[in-house]
Amino acid sequence: MGAPKTALMTVTGAERPPSLAEAAAELGLTADALNPEFGVVPIDPARRLFAVEVWADRLAVPGAPLTGDDAARDDYRGPYANPEIAPFGLGPSGRPAKPRKP
């Protein structure tokens, strides 16, 4: 499997989920750092909390100090692990299941 290709990060929305561009800006990234196929996924709409998938090579340096509005946040935004999930065991044919190709 190798190193993860993506990580999950959380973002917030106001009256609606943020767009990919808004989510990227909130994380200090550009929109091309986010996976558009994953999109913006509701985690806890009551708290206006959403998840986005960030390409692992575009993540900020771990441990970098928070700046601006992030410095005042007391919740953890990520990155969260996003491991590849592959089938295991026997498939419908009775043969070992094979992982799907990305």
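Guide: Let us begin with a definition: helices and strands are DSSP runs, a helix having at least four residues and a strand at least two, and they are numbered from the N terminus.

Visitor: What makes glycine 28 buried or exposed?

Guide: The relative accessible area of glycine 28 is 64%. Exposed means over 50%, so glycine 28 is called exposed.

Visitor: Why is asparagine 35 called buried?

Guide: Asparagine 35 is also found in the loop between helix 1 and strand 2. Its relative accessibility is 11%, and buried means under 20%; asparagine 35 therefore counts as buried. Beyond four places in sequence, asparagine 35 touches Glu53 and Trp55.

Visitor: What makes the pair of asparagine 35 and glutamate 53 a polar contact?

Guide: The two side chains come to 2.5 Å. The cut-off for a pair of N or O atoms is 3.5 Å, and one atom must be able to donate a hydrogen and the other to accept it. The pair of asparagine 35 and glutamate 53 is accordingly listed as a polar contact between side chains.

Visitor: How do you know that strand 2 and strand 3 pair?

Guide: Pairing requires at least two bridges, and strand 2 (residues 41-44) and strand 3 (residues 49-55) have three, in the antiparallel sense. Valine 41 stands opposite alanine 51, and aspartate 44 stands opposite leucine 49. Four residues lie between the strands of this hairpin, where arginine 48 takes a positive phi near 60 degrees.

Visitor: Why are strand 2 and strand 4 said to stand at the edges?

Guide: The four strands form an open sheet in the order 2-3-1-4, with antiparallel pairing. Strand 2 and strand 4 (80-81) each have a single partner strand, so one side of each has no neighbour in the sheet.

Visitor: Which residues make up the largest nonpolar core?

Guide: There are nine: Met9, Val11, Ala23, Ala24, Leu27, Leu34, Phe50, Val52 and Val54. Strand 1 (6-12), helix 1 and strand 3 each give two or more residues to this core, and the largest share, three residues, comes from strand 3. To belong to such a core, residues must be buried and joined through side-chain atoms within 4.5 Å. Beyond its neighbours within four places in sequence, leucine 27 is in contact with several residues, among them Met9, Val11, Leu34, Val52 and Val54.

Visitor: Which helix has the lowest mean pLDDT among the elements, and which the highest?

Guide: Helix 2 (residues 69-72) has the lowest, 49, and helix 1 (residues 20-26) the highest, 93. pLDDT is the predictor's confidence in each residue, from 0 to 100. Over residues 63-68 it stays under 50, and the model has one contact beyond four places in sequence for them. Where pLDDT is low, the predicted coordinates should not be read in detail.

Visitor: What pattern does the protein follow along the sequence?

Guide: The pattern is β-α-β-β-α-β, from two helices and four strands. Of the 102 residues, 24% count as buried.

Terms used: Residues are numbered from 1 along each chain as its sequence is written. This is a predicted model: local features need pLDDT of at least 70, side-chain atom pairs count only at pLDDT 80 or more; totals for chains, interfaces and linings use all residues. Side-chain values use heavy atoms; hydrogens and water are left out. Contact means heavy atoms within 4.5 Å. Buried means under 20% relative accessible area, exposed over 50%, partly exposed in between (1.4 Å probe, protein chains only).
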